[in-house]
Amino acid sequence: MRWLGSTIAGPVIVAMLVTACSAPSPCPPGEDCRWRQGPGETGVWLATDPEPAAVLRLALPGVRTVSLYVIWERCGAEVCPWTPPAAHGRLERQDNGAWVVALTRSAFSRDPDAEVTLSLGDGSRLRLGLALAAGDHRRASVTELSACIRDLGATLAAASLAGAPAVLDVEIELVCRIWSHPDQGRSAMHWHPLLHQVARAHACDMAARGYFGHTDPEGIGPNRRAQDAGYTLPDWYDADDDGNNIESLALRGPVSTPELTVEQWLASPLHRQHVLGETSFEAGQDDTATGYCHTTRDGVDMHYWAFVSAHGTP
């Protein structure tokens with residue numbers, strides 16, 4: 001690895017120059033399409049969102065797609081996403097007093113063992129890597145999902161020690177499966193503790209009182225529950241007591257897992273639209289959380305799941 005420090009400038013400059021002379025990127029401005037090219041395409045692309053990157057992609061017919069990439073990861077936080085989480089290090093204080101865990105979903109499905117990283121003096125780092133993709137290159141990697149579960153779990157555990165409500169492992173896995181899904185339309189997603197409170201409370205209320213629906217027996221819906229918990233919704237959201245612009249629910253029994261729950265939502269067009277942020281309205285809902293509760297009814301295990309996403313106001 002010693003050679004990297006003395007030769008890193010050369011490959012970066014060459015990659016950028018080649019990019020400048022290549023054909024215009026087929027990616028719309030502001031979108032990360034580095035892994036959304038057709039499987040037969042070869043080319044060089046420059047992306048700036050979510051991180052500056054140059055990608056050289058070679059399609060080898062009948063074999064696989066080979067991608068060489070250089071990514072510049074910047075971080076202005078006290079603790080960057082690629083460092084071990086610490087208490088408060090990745091928490092943002094909101095105007096409403098809540099602590100929000102901020103994580104950006106990576107569009108790269110890559111193998112860390114095939115990467116070389118160089119830390120820079122300003123706290124950022126360069127990441128050079130080789131990615132080999134066979135079949136559907138958009139499929140979320142196990143590595144990315146595992147990293148999300150590990151990092152988010154460690155951060156929320158630190159927040160819990162600081163007084164935040166504890167988050168269940170299945171709630172973390174569920175939101176990570178949503179965040180890291182290759183078709184996810186939200187480029188940045190946050191874990192919001194007030195929305196977690198709302199999602200968990202509703203899941204447990206349904207389990208305790210034996211109903212299933214967005215509106216509780218008193219006629220109160222998700223928007224009103226979020227407002228009552230202290231989360232400020234934009235004024236263009238439905239203000240009726242039973243209004244719902246933010247919630248998807250699932251009920252399964254006797255067996256249910258976060259993976260099965262995501263599959264259940266994605267099989268329903270309206271739930272898929274919400275969970276994957278397929279419209280500009282849902283894509284703008286970057287504050288997210290999940291809630292889970294379990295009960296036994298008539299000897300059968302029943303699993304209640306909730307996913308809540310909203311566009312907060314300052």
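Okay, ground rules. Residues are numbered from 1 along each chain as its sequence is written, and side-chain values use heavy atoms, with hydrogens and water left out. Since we're on a predicted model, local features need pLDDT of at least 70 and side-chain atom pairs count only at pLDDT 80 or more, while totals for chains, interfaces and linings use all residues.

Let's start inside. The largest nonpolar core has 43 residues, and the members touching the most other members are Leu-152, Ile-178, Trp-191 and Trp-265. By nonpolar core I mean a set of buried Ala, Val, Leu, Ile, Met, Phe, Trp, Tyr and Cys residues joined through side-chain atoms within 4.5 Å. Buried is under 20% relative accessible area, exposed is over 50%, and partly exposed is in between, with a 1.4 Å probe and protein chains only. Among the elements that each supply at least two residues of this core are helix 3 (142-161), helix 4 (169-179), strand 10 (287-297) and strand 11 (300-310). Helices and strands here are DSSP runs, H or I of at least four residues for helices and E of at least two for strands, numbered from the N terminus.

Take Ile-178. Setting aside neighbours within four places in sequence, Ile-178 is in contact with Gln-184, Met-189, Val-262, Trp-265, Val-275 and Phe-307. Contact means heavy atoms within 4.5 Å.

Next up, Thr-261, which sits in helix 7 (residues 258-266). Is Thr-261 buried or exposed? Thr-261 counts as buried, because its relative accessibility is 0%. And what does its side chain pair with through a polar contact? The partner is the side chain of Trp-305, at 3.2 Å. The rule there is a pair of N or O atoms within 3.5 Å; within protein, one must be able to donate a hydrogen and the other to accept it, and residues adjacent in sequence count only if both atoms are side-chain atoms. Not counting residues up to four places away in sequence, Thr-261 touches Trp-305 along with Leu-174, Ala-250 and Ser-256.

On to charges. Side chains of opposite charge can pair when their charged atoms come close. For a salt bridge, we ask for a side-chain nitrogen of Lys or Arg within 4 Å of a carboxyl oxygen of Asp or Glu. That gives nine salt bridges.

One of them joins Arg-177 and Glu-173, with the closest N and O atoms 2.9 Å apart. These two are four residues apart in helix 4, so about one helical turn separates them. Arg-177 is partly exposed at 22% relative accessibility, and Glu-173 is partly exposed at 22% as well.

Helix 6 (residues 222-228) holds another pair, Asp-228 and Arg-224, again four residues apart, about one turn of the helix. Their salt bridge is 3.1 Å, N to O. Asp-228 is exposed at 53%, whereas Arg-224 is partly exposed at 31%.

Then there's Arg-272 with Glu-278, 2.8 Å between the closest N and O atoms. Arg-272 is partly exposed at 24%, and Glu-278 is partly exposed at 43%. Bring in Asp-183 and you have a network of salt bridges linking Asp-183, Arg-272 and Glu-278.

That's it from me, so over to you for questions.
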